[in-house]
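Let's take a walk through this structure together, beginning at the ligand and ending at a pair of helices.

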Amino acid sequence: MEKKLRFNSATIHGGQAPDPAFGAVMPPIYQTSTYAQSTPGGHKGFEYSRTHNPTRSALEKSLASIENGKHGLAFASGLAAMDAIMKLLQPGDEVISTNDLYGGSYRLFTKIFEGFGLKFHFVGMNEVAQVEAAINKNTKLIWVETPTNPMMNVVDISSIAALAKQHQLLLAVDNTFASPYIQQPLNLGADIVMHSATKYLAGHSDVILGAIIVNSDDLHQRLAFIQNASGAVPGPMDSFLTLRGIKTLHVRLQRHCENAKVVAQYLANHSKIEKVYWPGFEHHPNHEVAKKQMNDFGGMLSFIPKGADFKAAIKIVEALQLFTLAESLGGVESLAGHPASMTHASIPKAIREESGVVDALIRLSVGIEDAQDLIDDLAQAIG
Ligand SMILES: *Cc1c(COP(=O)(O)O)cnc(C)c1O
């Protein structure tokens, strides 16, 4: 009988036991493509590493455990995981998605899957009615990203889940920004959780990897079929690195959240800052929802310097020294980004600005350095 572990224990032990061969405490990196068979079909559960690999299997069990799901699946990247989810659909099917979402997700939906006959509706999700209004007889899936990137809107997962159930739609949640330390969408009624494990789960800016977690055996079977048939799987080394990252997820996230709070408050009190987007503020429009569904407010925030235009924002991000100007997020080191020219450059300006991603917006992924050093760096860059 397997005892159900609390979250902090699950990150370390979830679905894992010492390796039976030599007792290795960490699952070994099974760097192999194939497995010896004694007779055709006579194998130990592993035939070919696109289908199964023991290091990847260990990671998949860990993923399921930390999201409180039954099944985990690992992919070569977050976008490969999303690609697999979209392949559950057929031409003519429609998807309702958050309007302010990761640029790469928008590009995958509009530039790849629209070409295969799927239709996407991008809507604000502050009110459930906005989502309900976009439902028609072809709708099959609701895609939620929360907190949203980079505007930090928080979508009420349980309310959308209730709507999805009522209309028999699948609800998928991109949980990359929050991580399961902060919110567990399956517990809130979602059918599918997706991660860019590249970010908080792996946590050290050294791997690209994607994840899907589900409870339904049927969904698991269909997604595992796509995983093997389309073949976008991660290698054993990347699976190992992600597994190692997950073991410290809870301690890293605790510090990410503490530091982001200090940075958010510093910026909010700064005379040269116009606006700070962080769900922990009581005046944040979705603060109540955030308090209800999140254990903490995360390590991400965005801000707009007073009177700044495109050039002024670029000047600030260039002046930062401890914050690295880079794409991505969720690593132990602090990163700064300029969405309009970086992560969200693939979204047309008009659509981008409709959701608030203006030219002067700066996004921070607050790392786990000393908070005072981060503040000193922001102070000198803002001037
Ligand atoms: C990075 C990211 C993705 C894409 O993941 P990759 O691992 O880069 O393919 C998807 N969603 C969100 C919210 C992300 O931040």
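What follows looks at the ligand's surroundings and then at one helix pair.

This is a predicted model, so local features need pLDDT of at least 70, side-chain atom pairs count only at pLDDT 80 or more, and totals for chains, interfaces and linings use all residues. Residues are numbered from 1 along each chain as its sequence is written, and side-chain values use heavy atoms, with hydrogens and water left out.

Start at the ligand, which 13 residues surround (each has a heavy atom within 4 Å of it). The closest are Gly 78, Asp 174, Ser 196, Thr 198 and Lys 199. The shell divides into 5 nonpolar, 5 polar and 3 charged residues; here Ala, Val, Leu, Ile, Met, Phe, Trp, Tyr, Cys and Pro count as nonpolar, Asp, Glu, Lys and Arg as charged, and the others, Gly among them, as polar. Helix 3 (78–86) and strand 6 (192–196) each supply at least two of the shell residues; helices (H or I, at least four residues) and strands (E, at least two) are DSSP runs numbered from the N terminus.

Now look at the ligand's oxygen atoms. One is 2.7 Å from a side-chain N or O atom of Thr 198, and for Ser 196 the corresponding side-chain distance is 2.8 Å. Leu 79 takes part through its backbone, with an N or O atom 2.9 Å from a ligand oxygen. The protein covers 95% of the 380 Å² of accessible area that the ligand has on its own (Shrake-Rupley method, 1.4 Å probe).

Finally, turn to helix 9 (residues 249–268) and helix 13 (residues 371–382), whose axes come within 10 Å and cross at roughly 30°. Axes are lines fitted to C-alpha atoms over the stretch in contact, with angles from 0 to 180 degrees between N-to-C directions. Helix 9 and helix 13 are therefore roughly parallel to each other, a term for angles under 35 degrees.

Methods: Polar contact = N/O pair within 3.5 Å; in protein donor to acceptor, adjacent residues only side chain to side chain. Parallel < 35°, antiparallel > 145°, perpendicular 65-115°, else oblique.
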